Amino acid sequence: MSTIVFGIGLVLVIEGLVFALAPSRLDDLVAMMAAMSRDQRRLIGLLALALGVVLVWLSRT
């Protein structure tokens, strides 16, 4: 359970840094994502998911 809380905490720290340090870049990113097709966004999400699973797996071994 503590690993899950640790992981969620790290995600919140990184997300908070994006909002705090580069809010205008975040607006640009949202506009760029809106211009992409659903299939492109889905592929990016699946790639990010796969990379996250690999990183978690590597960190646990």
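This is a predicted model: local features need pLDDT of at least 70, side-chain atom pairs count only at pLDDT 80 or more; totals for chains, interfaces and linings use all residues.
Helix α1 gives the most to the lining of the largest pocket, with seven residues.

**The largest pocket**

The volume of the largest pocket is about 260 Å³. Its lining consists of T3, F6, G7, L10, V11, I14, E15, L55, V56, S59 and R60. Two helices, α1 (2-21) and α3 (38-60), each supply at least two residues of this lining. By residue class, the lining divides into six nonpolar, three polar and two charged residues.

**S2 in helix α1**

S2 has its place in helix α1. Is S2 buried or exposed? S2 is exposed, because its relative accessible area is 60% and the cut-off for exposed is over 50%. In sequence, 48 residues separate S2 from A50, and in space the two lie 23 Å apart, C-alpha to C-alpha.

**The chain**

How many helices and strands does the secondary structure of the chain come to? There are three helices and zero strands. Along the sequence these elements follow the pattern α-α-α. The radius of gyration of the chain is 14 Å, whereas the globule rule gives 10 Å for 61 residues; the value is well over the rule, so the chain is more spread out than a compact globule. The C-alpha trace spans about 40 × 30 × 15 Å along its principal axes.

Of the 61 residues in the chain, 2% are buried. The accessible surface comes to about 5500 Å², and carbon and sulfur atoms account for 74% of that surface.

The table collects values for the chain.

| Property of the chain | Value |
|---|---|
| Span of the C-alpha trace | about 40 × 30 × 15 Å |
| Buried residues | 2% of the 61 residues |
| Accessible surface | about 5500 Å² |
| Mean pLDDT | 90 |

**Confidence**

The mean pLDDT of the chain is 90, and 100% of its residues reach 70 or more. Where in the chain is confidence lowest, and where is it highest? Confidence is lowest in α1, at a mean of 89, and highest in α3, at 92. Both of these helices take part in the pocket described above, each supplying at least two residues of its lining.

Technical notes: Residues are numbered from 1 along each chain as its sequence is written. Side-chain values use heavy atoms; hydrogens and water are left out. On a 1 Å grid over the protein atoms alone, a cavity is a set of points where a 1.4 Å probe fits but cannot get out, and a pocket is an open set with protein on both sides within 12 Å along at least five of seven lines; lining residues have an atom within 4 Å of a point. Grid points are joined across faces, edges and corners, and a volume is the space filled by probe spheres set on the points. Helices (H or I, at least four residues) and strands (E, at least two) are DSSP runs, numbered from the N terminus. Ala, Val, Leu, Ile, Met, Phe, Trp, Tyr, Cys and Pro count as nonpolar, Asp, Glu, Lys and Arg as charged, and the others, Gly among them, as polar. Buried means under 20% relative accessible area, exposed over 50%, partly exposed in between (1.4 Å probe, protein chains only). pLDDT is the predictor's confidence in each residue, from 0 to 100. The radius of gyration is taken over C-alpha atoms; the globule rule is 2.2 Å times the number of residues to the power 0.38. Accessible areas come from the Shrake-Rupley method with a 1.4 Å probe; for residues, only the protein chains shown count as cover.
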